[in-house]
Amino acid sequence: MEMTEEALNNERLQAAARFKAFMMQNSTKTNFNLYDHLVRLLTKVMDERPENAVDVIEDMSRELKGSILQEKQDTLRDNPSSSSALLLAEQQKTLFKRAASGEGDHEEELVDSPLPNVAELAFFFEQAGVGLGKEEMQRIFLALKQLVDTQCLQRCRIWGKILGTQSNYLVAEGEFREGEGEEEESTEPSNEDEEREEESQEDKDEAELVEAADPPPKSTYKPPPPVPKEENHTGVNKFTYFVCQEPGMPWVRLPVVTPAQLTAARQIRSLFSGRLDVPVVSFPPFPGNEANYLRAQIARISAGTHVSPLGFYQFGEDEGEDEGLRDSFEENPNFEGIHVNEMAESLNLWVHHVQHILTQGRCVWVNITKKSADDVDEDAEEEEKEEEPDEPEPEIGPPLLTPLSEDAKIHDTPPWSSMISSYLIPQFSIAVLRSNLWPGAYAYASGKNFGNVYIGWGLKYIGEAYTPIMLPPPHSEYPSGPEITEAQDPSVEEEQALQAALEEQTAALEETEDLEEEDDDDG
C-alpha cells in the first residue's frame, strides 16, 4: 500500500524529532549533550573559517570541550555577570506582556486612551530622513503605553530624544487630567535638614560672640526679589515631562521649571551626562541639578521649535481678551490643509503654537517691584526715607500663532530651512521643516496632519565661539575714608617741622588762655 505525500512528510518529521531528542540527551560524564556541542562547533568553524576545516575539526572539538570543562571546574574564577544588553532585554520583556483585561475594557481603552500614534509619526518622519529606527520606535510606543497605564494623563506624545555623554534621555510630554498630577512639596524636615539647622545655629552663636567683641561692617547690598514661578498648567509649566534612559526602564517625572533656572540655562552651555542627579558645574552657577537643567532646555526648545500649519489652530471667541495675552487656542474644525509645495516655499504658512519665553524667564510678565499689603505695612517707614523706584515697563513677547517669517536671524543664519521629502513622487511627498537655531528639531506637514520631534544634544546654535560670562568685580568691603586711606610715610625733616608747628600752636593757645584769666581777675 503506497503512502501519501502528507503521511510521508509526517513520518520524516517524527523521525527528525526522535533523532534530535536522542542528540539532546546529556552525557553521564559531562553536563552537556551532542546537539549543543555540534551547534557550538559549527558556529566556531563559521566564525574562524580555517583553511583545512576537515583536518582540524577534531582539534577544534577537543579545544571546545576543554574550554567548557575548564570553566566548570575552576572554583576560584567568578562567574561572568550578565551583560548590560541582557539586563536591558529583561527589562524590555515587560513591554511585550499584555495586561490581563476583559474584551470590553480593551475596546474602551482603544477609544479613550491618550496613547499617541507613534507608528504614524515614525512613518512620516522616515520620509523626511529623520527618526530612530522602526525597532526603537516600536519599543518607545510600548513604553508610552506603559506610561499611560500608570499615569492619569489626558494627553501624551513622544517629545523626542536628548543625547548624553553616558546615556540618553527619551522625553515624553503629557498633560494630566483636571485635578490630577499636582506636585506635593514635603514639609517634614529630614535628618539632614535637622543636622544643617543645628550646624547653622552653632555658627550663628559663634558669630554673635565675635560680633559682640568686634562688630563687623554691615553690607548695604540688597538682592533683587525673586521672580515667582508659573503655576502648573500655565506658561512654561503647561505640560508635564517624563524621561527614561531606555524603553522598558521606569519613567521619571521632571520637576517644574523656575525663571531663575531658565535665565541661567540661557547663559551656560553644558552637555548632558544622562544622570538626573548629577550637579551642573558652570558659571554663572545653575540653581539645580541635571534634572532641572534638562527641564529648562526642554522648555526653551519647545518654545522655539514647536510649530504647526497656519489655520490648524485658532483662538476662541473671547473678543475682550488682548491677542498678545492669549495663552490658549483650539483646533479649527474647518481646516482643510495646505498644499505641500506652498508649505515648503513660504514660512508664513507655519506658526508657533507654544508661548514665547520672556527675558524674565516667564511667558507672562509679572511686576516684582510691587509689594503685598503686609510688606507695605512693615516697611512703611523705610519707604518714606527711600525714594520710590521708577515703575518698570512690562515686557511683551510675540503672541501665539505668530508666523515663522518673523523669527530673528543669528549671524545671518536663517532660523528655518524647508524642503519637500521627495521630488520624484511629489503627489505623495510631505513638507519638512528643520530648525537651524536648535539643531535636531524637525516638523512635518501633510494635509491635515503635522508633527514635531527633537533628536539632538539639547544645545542652541549661537553662531560663534562660546565665551563664558566674565566674573563680576569684587565688592568693596567697607567705604574708604581718611582713617584707612594709605599714604607715604613722612621724612624726618617733615616730622620735625610738624612737631615744631604743633608746639608753637600749643604755646599760643596757652598764652591766650592766660590773658583771658588775667582779664577775668581784673574784672
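**Pockets and a helix pair**

Strand S1 supplies the largest share of the lining of the largest pocket, 5 residues. Helices (H or I, at least four residues) and strands (E, at least two) are DSSP runs numbered from the N terminus. The model is predicted, so that local features need pLDDT of at least 70 and side-chain atom pairs count only at pLDDT 80 or more, while totals for chains, interfaces and linings use all residues. Residues are numbered from 1 along each chain as its sequence is written, and side-chain values use heavy atoms, with hydrogens and water left out.

A pocket is an open set of points on a 1 Å grid over the protein atoms alone, where a 1.4 Å probe fits, with protein on both sides within 12 Å along at least five of seven lines; lining residues have an atom within 4 Å of a point. The largest pocket has a volume of about 1,100 Å³, the volume being the space filled by probe spheres set on the points. Of its 41 lining residues, Arg155, Arg157, Glu173, Tyr313 and Phe450 lie nearest its centre.

The second largest pocket holds about 840 Å³ of space. Its lining has 34 residues, with Gly304, His356, Leu437, Trp438 and Lys460 nearest the centre, and helix H10 gives the largest share, 5 residues.

Helix H6 (residues 118-127) packs against helix H7 (residues 134-150) at an angle of about 150 degrees, their axes (lines fitted to C-alpha atoms over the stretch in contact, with angles from 0 to 180 degrees between N-to-C directions) lying 9 Å apart. H6 and H7 are therefore roughly antiparallel, a term for angles over 145 degrees.

Key
Angles under 35 degrees count as roughly parallel, over 145 as roughly antiparallel, 65 to 115 as roughly perpendicular and the rest as oblique.
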